[in-house]
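User: I would like to go through this model with you, one topic at a time. Could we begin with a helix and then move on to the rest?

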Amino acid sequence: MKWSKSHIYTMKEAPSDAEIISHKLLIRGGFMKKLAPGIFTYGNLGLRAIRKFENIIRDELNKRNCLEVLMPMVHPRELWEETGRWNEMGDGLLKFQNRNKHWFCLGATHEEAITDYVRNDLKSYRDLPKNIYQIQTKYRDEIRPRFGLMRGREFIMKDAYSFDADQAGALKAYDSMYDAYKAIFDRLNLNYRIVQADAGNIGGSQTHEFQLLADAGEDALLVSDTTDFAANVEVCPAIDAEPHVSKETELKPLEKFATPGAKTIADLEKLTGIAAKELVKTLYFSGNEGFDPKDKSLKAFAVLLRGSDEVNPVKVKNMLGMTNPPLMLTDDEVKEVTGASPGSCGPVGLHIPVYMDNGVEGLKNFIVGANEDGFHLKNVNHGRDFNITKIGDLRMAKAGDKDPQSGGRLKSYRGIEVGHVFYLGKKYSQKMGATFLDQQGKVQPFEMGCYGIGVTRTVQAAIEQSHDADGIIWPKSIAPFHVHMCVLDPKDAQIMAKADEFYNQLNAQGIEVLMDDRDERPGVKFKDADLLGMPVRMVLGKRGLDNNEIEVVERKTKEMKKVHPDNLMSELKSLLGVK
């Protein structure tokens, strides 16, 4: 493509609402332009990168006998009500009525649509297995879209769905897609990790995330320093590096004491001289998920943690079998449940379920709120002074905790989730009556899996990981063009004739060229070339050609070579890894 025939308009500065470097570079390079918050128009350069990544995905999935379809973006309400997700998905699902007053939503995900697509076709075990995918626009009504394509409202996603006769087949499909994802992300040649994760409101009992490592990543990851263990902090087991053993040996009598002004663990630590890890805090949550608008009751429960730990809402959600992480009670609701304001509350005397993190299990004679403003209880012991509904891992793991697979330690990283694989089981097939006849002639629901890749998110995430102070450094596999040709004397007919000759030769060999044939100063062209970030820059000018030299610069290393025109093709192929 020649710049003079393109629609490329670069910017020196990014708009103020572009917060992270990848978002800024995409806007400055004209790869995309904001139409509305969280909604973007993709320019030709941006679309070329997106389509190249889509084709990598297609190549790897088609090798594994996956079938591509295209489902509607608009879904009828009735379909989502079959699974209960019309209400479960909350405000993230954009709902609207058509002229006939029928309710619809924009597809945030397609489990319901794909199950409806196959449920009247796959009638026998002989029709299985099947793995069907699409690459399509999704819409999720994010409350605060940010970071460009990282947390947008409208985005392109690849979603695949497997259908099997039994769990063994479903897990085989899961493993096949897991391997496909590894192959897809390996082809980007970027630094990524496969981590244990939470299934969220999609559901499922087994799931892994594919995370590109980047400082601006939204996800906190914990990675072992000795094994290949990696997990999202939401689900990472929290194991103390050194087992905590209470110094107390005997249970002491319960005692109430005044703690005026002590409303936080830090206040209590200062007042008593006892370390936060020896104190216990009580947090209060609502177990009402709000799916039934007629249910106005307050279903409170308490969670106990060491004072030095942080609650993990996802672990609490999973322990209680909830669809979404629970909301904390308001100050007024806490007072309604306990009779005291937050900061003076504890588990003794409560008539609600009490869940305890296993870090508290080994403590004896600890301090908790007395459920009376300005007072606490000391020498409190679970089992004697209050009952526990259930004990488990409810706290956030952190750097320095023990690797659950070895004696190693966990290190902290930031990551951008770009892919997610789920084993769903029968969650959707049972609710939607999607069944088949097994070998014994019995009606069985399908075993399902679902597998997503954020296409546009991955393209931006690649930039977040691969850039420098001057601009983007595109991975060769998804670079919009392979070569950025800077013509320094475009008004010289002989130079332009030579530039066109190289341009045609390279394109004929499958090497895609963006020719900058503008009448601009060399410095402007070089700055734009660095900003746009194609893998190789070649410079054609009268002085160089007179000396039989073409300047070739590798974008990643900035290494420059003077190449004879006869050797140009072989040099470019070598730099690009093209045979």
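User: Which residues of helix α15 (residues 568-576) are buried?

Analyst: This is a predicted model. In helix α15, the buried residues are Leu-568, Glu-571, Leu-572, Lys-573, Leu-575 and Leu-576.

User: Which residues line the largest cavity?

Analyst: Its lining consists of Leu-26, Phe-31, Met-32, Tyr-42, Gly-46, Ile-50, Leu-149 and Val-459. By class, seven of the lining residues are nonpolar and one is polar, with no charged residue. Gly is counted among the polar residues.

User: Next, helix packing. At what angle do α1 and α11 pack?

Analyst: Helix α1 (residues 21-28) packs with helix α11 (residues 455-465) at an angle of about 110 degrees, and their axes are 8 Å apart. Angles of 65 to 115 degrees count as roughly perpendicular, and α1 and α11 are therefore roughly perpendicular to each other.

User: Which residues meet in that contact of α1 with α11?

Analyst: From α1, Ile-21, Ser-22, His-23, Leu-25 and Leu-26 take part, and they meet Gln-460, Ile-463 and Glu-464 of α11. The contact has four nonpolar, three polar and one charged residues.

User: Now Lys-52. Where is its place, and is Lys-52 buried or exposed?

Analyst: Lys-52 lies in helix α2 (residues 44-63). Its relative accessible area is 16%, and buried means under 20%, so Lys-52 is buried.

User: What does Lys-52 touch, not counting residues up to four places away in sequence?

Analyst: With those residues not counted, Lys-52 touches Ser-477, Ile-478, Ala-479, Pro-480, Phe-481, His-482 and Glu-512.

User: Finally, the whole protein: how many helices and strands does the secondary structure come to?

Analyst: There are 15 helices and 30 strands. Along the principal axes, the C-alpha atoms fill a box of roughly 95 × 65 × 50 Å.

User: What share of the 579 residues is buried?

Analyst: Buried residues make up 50% of them. As for contacts between residues at least 6 apart in sequence, 70% join residues at least 24 apart.

Conventions
Residues are numbered from 1 along each chain as its sequence is written. This is a predicted model: local features need pLDDT of at least 70, side-chain atom pairs count only at pLDDT 80 or more; totals for chains, interfaces and linings use all residues. Side-chain values use heavy atoms; hydrogens and water are left out. Buried means under 20% relative accessible area, exposed over 50%, partly exposed in between (1.4 Å probe, protein chains only). Helices (H or I, at least four residues) and strands (E, at least two) are DSSP runs, numbered from the N terminus. On a 1 Å grid over the protein atoms alone, a cavity is a set of points where a 1.4 Å probe fits but cannot get out, and a pocket is an open set with protein on both sides within 12 Å along at least five of seven lines; lining residues have an atom within 4 Å of a point. Axes are lines fitted to C-alpha atoms, for helices over the stretch in contact, and angles run from 0 to 180 degrees between N-to-C directions. Angles under 35 degrees count as roughly parallel, over 145 as roughly antiparallel, 65 to 115 as roughly perpendicular and the rest as oblique. Contact means heavy atoms within 4.5 Å.
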